[in-house]
Amino acid sequence: MSRIRHLSGRVWEDVLKESGVEIFNGAQGRILYVLWEKGDMTISQIGKLTSLAKTTLTGMLDRMEASGLIKRVPDKKNRRQIYVTVSQKAREYRDIYDGISDRMNGIYYRGFSDKEVADFEGQLKRIVSNLEEEENKK
(Lines give C-alpha, C1' and ligand atoms only; values in the text may rest on other atoms or scores of the structure.)
Protein backbone atom coordinates (compact mmCIF):
# COMPACT_ATOMS: atom_id res chain seq x y z
CA MET A 1 0.00 0.00 0.00
CA SER A 2 2.74 2.46 0.82
CA ARG A 3 4.52 1.63 -2.45
CA ILE A 4 1.27 2.36 -4.35
CA ARG A 5 0.87 5.63 -2.45
CA HIS A 6 4.47 6.65 -3.16
CA LEU A 7 4.34 5.82 -6.88
CA SER A 8 0.89 7.34 -7.24
CA GLY A 9 2.10 10.61 -5.73
CA ARG A 10 5.03 10.80 -8.13
CA VAL A 11 2.87 10.03 -11.18
CA TRP A 12 0.21 12.51 -9.99
CA GLU A 13 2.83 15.27 -9.76
CA ASP A 14 4.04 14.42 -13.29
CA VAL A 15 0.49 14.50 -14.67
CA LEU A 16 -0.13 17.85 -12.96
CA LYS A 17 2.97 19.32 -14.61
CA GLU A 18 2.10 17.83 -18.02
CA SER A 19 -1.34 19.45 -17.69
CA GLY A 20 0.25 22.83 -17.02
CA VAL A 21 -0.91 22.98 -13.40
CA GLU A 22 1.87 24.43 -11.31
CA ILE A 23 -0.14 26.52 -8.86
CA PHE A 24 -0.80 23.57 -6.54
CA ASN A 25 0.73 20.17 -5.81
CA GLY A 26 -0.96 16.82 -5.27
CA ALA A 27 -1.61 17.24 -1.54
CA GLN A 28 -2.98 20.74 -2.10
CA GLY A 29 -5.15 19.29 -4.85
CA ARG A 30 -6.63 16.88 -2.28
CA ILE A 31 -7.49 19.85 -0.09
CA LEU A 32 -9.11 21.68 -2.99
CA TYR A 33 -11.03 18.55 -3.97
CA VAL A 34 -12.67 18.14 -0.57
CA LEU A 35 -13.52 21.85 -0.51
CA TRP A 36 -15.00 21.66 -4.03
CA GLU A 37 -17.05 18.63 -3.02
CA LYS A 38 -18.10 19.57 0.51
CA GLY A 39 -17.98 23.38 0.60
CA ASP A 40 -16.52 25.47 3.41
CA MET A 41 -14.85 23.41 6.12
CA THR A 42 -12.81 23.77 9.27
CA ILE A 43 -9.15 22.78 9.31
CA SER A 44 -10.01 19.73 11.44
CA GLN A 45 -12.64 18.58 8.95
CA ILE A 46 -10.20 18.99 6.06
CA GLY A 47 -7.55 17.05 7.98
CA LYS A 48 -9.90 14.16 8.60
CA LEU A 49 -10.99 13.92 4.95
CA THR A 50 -7.48 14.30 3.48
CA SER A 51 -5.57 12.33 6.15
CA LEU A 52 -3.14 15.24 6.47
CA ALA A 53 -1.78 16.10 9.92
CA LYS A 54 -2.85 19.46 11.31
CA THR A 55 0.73 20.74 11.37
CA THR A 56 1.24 19.80 7.72
CA LEU A 57 -2.17 21.15 6.77
CA THR A 58 -1.59 24.54 8.40
CA GLY A 59 1.56 25.19 6.37
CA MET A 60 -0.12 24.07 3.16
CA LEU A 61 -3.12 26.30 3.80
CA ASP A 62 -0.76 29.23 4.43
CA ARG A 63 0.87 28.68 1.02
CA MET A 64 -2.49 28.15 -0.68
CA GLU A 65 -3.85 31.35 0.83
CA ALA A 66 -0.73 33.27 -0.26
CA SER A 67 -1.21 32.01 -3.83
CA GLY A 68 -4.87 33.01 -3.81
CA LEU A 69 -6.39 29.51 -3.89
CA ILE A 70 -8.22 29.59 -0.56
CA LYS A 71 -9.47 32.06 2.03
CA ARG A 72 -9.80 31.67 5.76
CA VAL A 73 -13.08 33.10 7.03
CA PRO A 74 -13.98 33.47 10.72
CA ASP A 75 -17.36 32.04 11.76
CA LYS A 76 -19.76 34.90 12.42
CA LYS A 77 -21.18 33.16 15.50
CA ASN A 78 -17.92 31.83 16.94
CA ARG A 79 -14.91 33.98 16.07
CA ARG A 80 -12.52 31.30 17.31
CA GLN A 81 -13.78 28.96 14.58
CA ILE A 82 -12.17 29.45 11.16
CA TYR A 83 -13.58 28.08 7.92
CA VAL A 84 -11.57 27.49 4.78
CA THR A 85 -13.20 28.32 1.47
CA VAL A 86 -11.99 28.08 -2.12
CA SER A 87 -11.43 31.26 -4.08
CA GLN A 88 -12.73 32.00 -7.55
CA LYS A 89 -9.19 31.40 -8.80
CA ALA A 90 -9.30 27.83 -7.42
CA ARG A 91 -12.77 27.21 -8.85
CA GLU A 92 -11.32 27.82 -12.31
CA TYR A 93 -9.06 24.76 -11.87
CA ARG A 94 -11.89 22.31 -11.09
CA ASP A 95 -12.41 21.02 -14.64
CA ILE A 96 -8.66 20.62 -15.17
CA TYR A 97 -8.37 18.74 -11.87
CA ASP A 98 -11.26 16.44 -12.80
CA GLY A 99 -9.54 15.66 -16.12
CA ILE A 100 -6.31 14.85 -14.31
CA SER A 101 -8.23 12.63 -11.89
CA ASP A 102 -9.85 10.78 -14.82
CA ARG A 103 -6.43 10.29 -16.38
CA MET A 104 -5.07 8.86 -13.12
CA ASN A 105 -8.02 6.47 -12.87
CA GLY A 106 -7.17 5.29 -16.37
CA ILE A 107 -3.62 4.61 -15.25
CA TYR A 108 -4.70 2.87 -12.01
CA TYR A 109 -7.20 0.60 -13.69
CA ARG A 110 -5.48 -0.10 -17.01
CA GLY A 111 -6.25 -3.70 -17.93
CA PHE A 112 -8.99 -4.11 -15.30
CA SER A 113 -12.52 -5.11 -16.28
CA ASP A 114 -15.44 -3.04 -14.96
CA LYS A 115 -16.28 -5.88 -12.57
CA GLU A 116 -12.71 -6.03 -11.26
CA VAL A 117 -12.75 -2.28 -10.64
CA ALA A 118 -16.09 -2.48 -8.82
CA ASP A 119 -14.96 -5.48 -6.72
CA PHE A 120 -11.65 -3.83 -5.84
CA GLU A 121 -13.26 -0.52 -4.85
CA GLY A 122 -15.82 -2.41 -2.77
CA GLN A 123 -13.04 -4.19 -0.92
CA LEU A 124 -11.20 -0.93 -0.31
CA LYS A 125 -14.40 0.61 1.10
CA ARG A 126 -14.70 -2.34 3.48
CA ILE A 127 -11.12 -1.77 4.68
CA VAL A 128 -11.82 1.93 5.21
CA SER A 129 -15.00 1.09 7.12
CA ASN A 130 -13.12 -1.39 9.32
CA LEU A 131 -10.42 1.18 10.08
CA GLU A 132 -12.96 3.94 10.82
CA GLU A 133 -14.84 1.59 13.14
CA GLU A 134 -11.60 0.81 14.96
CA GLU A 135 -10.68 4.48 15.21
CA ASN A 136 -14.10 5.36 16.62
CA LYS A 137 -13.62 2.88 19.48
CA LYS A 138 -11.18 5.32 21.09
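Okay, some housekeeping. The model is predicted, and local features need pLDDT of at least 70, side-chain atom pairs count only at pLDDT 80 or more, while totals for chains, interfaces and linings use all residues. Residues are numbered from 1 along each chain as its sequence is written, and side-chain values use heavy atoms, with hydrogens and water left out.

So, the overall picture. We have 7 helices and 3 strands, and from the N terminus the order is α-α-β-α-α-β-β-α-α-α. Those elements are DSSP runs numbered from the N terminus: helices are H or I with at least four residues, strands are E with at least two. The C-alpha atoms fill a box of roughly 50 × 45 × 20 Å along the principal axes.

Of the 138 residues, 29% count as buried; buried is under 20% relative accessible area, exposed is over 50%, and partly exposed is in between, using a 1.4 Å probe and protein chains only. Now contacts, meaning heavy atoms within 4.5 Å: among those with a separation of 6 or more, 52% come from residues 24 or more positions apart.

On to the rings. A pair of aromatic rings is described by the distance of the centres and the angle of the planes. Here, rings of Phe, Tyr and Trp (its six-membered ring) pair if their centres lie within 6.5 Å; planes under 30 degrees apart are stacked, over 60 edge-to-face, and the rest tilted. That rule gives 8 aromatic pairs.

Take Phe-24 and Tyr-97: this pair is tilted, at 6.3 Å centre to centre with 45° between the planes. Why do I like this one? Phe-24 sits in the loop between α1 (2-18) and α2 (26-38), and Tyr-97 is in helix α6 (residues 94-108), so the pair ties together parts 73 residues apart in sequence. Phe-24 is buried at 4% relative accessibility, and Tyr-97 is buried too, at 6%.

Then there's Tyr-109 and Phe-120, which are edge-to-face, 6.4 Å centre to centre and 75° between the planes. Tyr-109 is in the loop between α6 and α7 (114-136) and Phe-120 is in helix α7, so this pair links parts 11 residues apart in sequence. Tyr-109 is buried, with a relative accessible area of 17%, whereas Phe-120 is partly exposed at 33%.
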